Amino acid sequence: MKKGILISPIILFFLILLVFFYLLIIDRNPSELPSMLINKKVPAFEAKLLLENKIFISPGEFENETTLVNFFATWCKPCRDEHPYLKKLSDEKRLKIIGINYKDDSKRAVKWLEKLGNPYSSILVDPNARLGIDWGVYGLPETFIVNSNGMIKYRLVGPITKKNYDAFVLKVKEVGK
Amino acid sequence: MQRILLAILVYLMASQIIAINCYSVEPDEFLQNPKKESRARNISKNVRCLVCQNQSIDESSAPLAKDLRILIRRKIENGNSDEEIYNFLTERYGDFILLNPPFKINTLLLWILPFVFLIIGIIVIFLHNNKSKKLDYN
């Protein structure tokens, strides 16, 4: 009995150590936050388009097919790394991608797209982060998957990369079902 | 000479303290009405900056923090109450954006666990005490 009491803190200590070690080695980002918008309708908003002299009205534009919403900016380095994968998604997978040009210089954004190609079906401008805050964005790039009913189903914080591309495509397919 | 050095030293130390207490709110953000401004400051101190997650948006100089500070002030100018502003933020960013987590079912453990541990601790000490008393008598 006495021995049990003596030894139990040591066992507990090693159990805690094990838990910490597990958290250390699993692939996770502790600063990543879950989105509050999952399973909610896309926010209602109006925004100017970057390339056309038109107004984009949400949620009307989200109601026919699975759509990606990608927040990007030319000052964001990971966005540039992500760009070829967005291109791939729009060219190969025929996905509708709406780009939101977050706190950026419009001229620079246009040049950027001319140089790298344009994967977006429409690009909205968000000069003062109004849209970003409505979507709960806290770090660029962020990509949302919206289903054909205009419901947000998934958010990826950080870029689409070689590593997570296949998993991301799978997610899109899942949402499209 | 020594006095001058001492003065410089004191000055440097003082400037450090001031630097630590300095806030990131920029002058162009201030509201004209001091009452509304103090309300905005108060809210800002309770709102987490999601970029540098252990700072409030009042202390943080991250662009998102500045956007949120401006948004809070605009909402105050529009006549929104403090609660409406907090609700607006948590609807978009979750309870995590509040530095003081609310008392809810999913945060129950967070609030209650310290007291549970305290009680367990008291029980353990009590039992241990009893036992050693018995040993003493023997």
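A residue counts as buried here if 20 or more other C-beta atoms lie within 10 Å of its own, with C-beta atoms placed from the backbone. By this criterion, 32% of the 177 residues in chain A of this predicted model are buried.

Figure 1. Chain A contains 5 helices and 8 strands, arranged from the N terminus as α-β-β-β-β-α-β-α-β-α-β-β-α. The C-alpha trace of chain A extends over about 80 × 35 × 30 Å along its principal axes. Its radius of gyration is 21 Å, whereas a compact globule of 177 residues would have one near 16 Å. Of the contacts in chain A between residues at least 6 apart in sequence, 72% link residues at least 24 apart. Chain B, by contrast, has 5 helices and 0 strands, and buried residues account for 15% of its 138 residues. In chain B, 48% of the contacts with a separation of 6 or more involve residues 24 or more positions apart.

**Figure 2. The open sheet of chain A**. Six strands of chain A follow the order E1-E8-E7-E4-E5-E6, and their pairing is mixed. Strands E4 (residues 67–72) and E5 (residues 96–102) of chain A run parallel and are joined by 6 bridges; within E5(A), Ile97(A) stands opposite Leu68(A). E5(A) is also parallel to E6(A), with 5 bridges between them, and Tyr102(A) faces Asp126(A) of E6(A) as its opposite residue. Helix H5 (residues 165–176) of chain A lies across strands E7 (142–146) and E8 (151–157), at about 175° to E8(A).

**Figure 3. The hairpin of E2 and E3 in chain A**. Strand E2 (residues 45–48) and strand E3 (residues 55–58) of chain A run antiparallel and are joined by 4 bridges. Between these two strands of the hairpin are 6 residues. Lys48(A) has Ile55(A) in E3(A) as its bridge partner.

**Figure 4. The largest nonpolar core**. This core comprises 50 residues, and those with the most contacts inside it are Leu68(A), Ile97(A), Ile98(A), Ile100(A), Leu124(A), Phe144(A) and Val146(A). Helix H3 (residues 63–77) of chain B supplies the largest share of the core, 5 residues. Beyond its neighbours within four places in sequence, Ile98(A) is in contact with Thr67(A), Leu68(A), Val69(A), Tyr120(A), Ser121(A), Ser122(A) and Leu124(A).

**Figure 5. The contact between chain A and chain B**. Chain A contributes 11 residues to the contact and chain B contributes 12. On the side of chain A that touches chain B there are 6 nonpolar, 3 polar and 2 charged residues.

**Figure 6. The surroundings of Ile57(B)**. Ile57(B) is located in the loop between helix H2 (34–46) and H3 of chain B. With 30 other C-beta atoms within 10 Å, Ile57(B) is buried. Apart from neighbours within four places in sequence, its contacts are Ser44(B), Val47(B), Cys49(B), Ala65(B), Leu68(B) and Arg69(B). Arg73(B) lies 16 residues from Ile57(B) in sequence and 13 Å from it in space, C-alpha to C-alpha.

Figure 7. Most residues other than glycine have a negative phi, and most peptide bonds are trans. Lys103(A), not a glycine, has a positive phi of about 45°.

Technical notes
Residues numbered from 1 in each chain as written. Chains lettered and ligands numbered in written order. Predicted model: local features only at pLDDT ≥ 70, side-chain atom pairs only at ≥ 80, totals over all residues. Pairing = 2+ DSSP bridges. Rg over C-alpha atoms; globule rule 2.2 N^0.38 Å. Buried ≥ 20, exposed ≤ 12 C-beta atoms within 10 Å, placed from the backbone. Contact = placed C-beta atoms within 7 Å. Core = buried A, V, L, I, M, F, W, Y, C linked by C-beta atoms within 7 Å. Axes fitted to C-alpha atoms, helices over the stretch in contact; angles between N-to-C directions. Nonpolar A, V, L, I, M, F, W, Y, C, P; charged D, E, K, R; others polar.
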